[in-house]
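This briefing covers a sheet, a ligand site and a few backbone angles. Please look over the sequence and the structure before reading on.

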Amino acid sequence: MTSPVPPPARPSDPDLLALALDIAEEAGRMIATAREGTVTVADRKSSSTDVVTQVDRDAEALIRQRIAEARPDDGFFGEESGGGEGSSGLTWVVDPIDGTVNYLYGIPHYAVSIAVVEGPADPAHWVERVGVVLNPASGETFTAVRGGGAFRGGRALRIPSPPTLDQALVATGFAYDAELRGRQGAAVARMLPRVRDIRRLGTASLDLCNLAAGRVDVYFERTLNPWDHAAGGLVVQEAGGIVVGRAGAAPSRDFLIAVHPELLSAVEDLLDDIEA
Ligand code: IPD
């Protein structure tokens, strides 16, 4: 009689985090080295301003290869090469360079973003298990493990009690679609007199980590993709924040709001007003 094949062992979250961090650091070194040379646009995607460099592609290929070597049964979903589910139930959601336009221009504010989620690469159905957001230019690294807290380097993160909305520093970003950008700009103009100020830093994953670190009080954006917010979203949640869509929905391409729970309803009211 043959004994049944045991199910594959479930990796511990600290093991997954260590692997994600190793891979992010290796990709980060490659990206930073490539930035010392000339970086050019390799292709355009959803619009003429939505660009990809060869370094985005090479970094994603490296990350994908390292994951496949270490965890061949896991799924993979990356910004540059797509992907799908594996047989283990875990999916790696990857943006090799979040903030590609910053990277192209040499603005030192871009990130390798790697998350491991239980389930598919869909924020309505995934449970994020670990997240790593690493800025190769500054050396800052944000990490989170579900139930295990969020960290910047070795320092635990906790979102401070929020100010009132009129004193809140609000981060956002704009879609690549020109017509939608126009409407977003008009809405932000209506928001400006009602908050402390606006920041558009150009890297969604770092916007989320900045919220977790208390560097901004609110972050919201439309048309984000799963790879933009999977890792940073877990960092926010583990720092005591929430990441939601509109009216109680899960975050999606339609809308993502990240904020301290005490400020959510004021932010929702403001968004309703400026969009009306
Ligand atoms: C972009 C950045 C940007 C955000 C865009 C994203 P990419 O990611 O995160 O801040 O406003 O929506 O697409 O294209 O540089 O990986």
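This is a predicted model: local features need pLDDT of at least 70, side-chain atom pairs count only at pLDDT 80 or more; totals for chains, interfaces and linings use all residues.

Which residue in β5 does phenylalanine 77 stand opposite? Phenylalanine 77 faces valine 93.

- Strand β3 covers residues 75-78 and strand β5 covers residues 90-98; four bridges link the two in the parallel sense.
- Glycine 78 has glycine 82 of β4 as its bridge partner.
- In general, strands of a sheet are held in pairs by backbone hydrogen bonds, in either a parallel or an antiparallel arrangement.

**The sheet as a whole**

- The sheet is open and has eight strands, in the order β4-β3-β5-β6-β7-β8-β9-β10, with mixed pairing.
- Strands β4 and β10 (155-156) are at the edges and have a single partner strand each, so one side of each lacks a neighbour in the sheet.
- The partner of β10 is strand β9 (residues 149-152), joined to β10 by two bridges in the antiparallel sense.
- In this pairing, arginine 152 is opposite arginine 155, a residue of β10.

**The ligand site**

- The ligand is located in the largest pocket.
- Around the ligand are 16 residues, and those that come nearest are Asp98, Gly99, Thr100, Ala204 and Glu221.
- Sorted by class, the shell consists of six charged, five polar and five nonpolar residues.
- Strand β5 supplies the largest share of the shell, with three residues.
- Aspartate 98 places a polar side-chain atom 2.6 Å from an oxygen atom of the ligand.
- In the side chain of arginine 200, an N or O atom is 3.1 Å from an oxygen atom of the ligand.
- Glycine 202 uses its backbone instead: an N or O atom there is 3.0 Å from an oxygen atom of the ligand.
- On its own the ligand has 370 Å² of accessible area, and the protein covers 96% of this.

- Threonine 223 is not a glycine, yet its phi is positive, near 65°.
- Threonine 223 is found in the loop that runs between β13 (218-221) and α6 (226-238).
- Alanine 247, also not a glycine, has a positive phi of about 50°.
- The loop that holds alanine 247 lies between β14 (242-244) and β15 (256-259).

Methods: Residues are numbered from 1 along each chain as its sequence is written. Side-chain values use heavy atoms; hydrogens and water are left out. Two strands pair if DSSP finds at least two bridges between them. A residue is near a molecule or strand if one of its heavy atoms lies within 4 Å of it. A polar contact is a pair of N or O atoms within 3.5 Å; within protein, one must be able to donate a hydrogen and the other to accept it, and residues adjacent in sequence count only if both atoms are side-chain atoms. Accessible areas come from the Shrake-Rupley method with a 1.4 Å probe; for residues, only the protein chains shown count as cover. On a 1 Å grid over the protein atoms alone, a cavity is a set of points where a 1.4 Å probe fits but cannot get out, and a pocket is an open set with protein on both sides within 12 Å along at least five of seven lines; lining residues have an atom within 4 Å of a point. A molecule sits in a cavity or pocket if more than half of its atoms lie within 2 Å of its grid points. Ala, Val, Leu, Ile, Met, Phe, Trp, Tyr, Cys and Pro count as nonpolar, Asp, Glu, Lys and Arg as charged, and the others, Gly among them, as polar.
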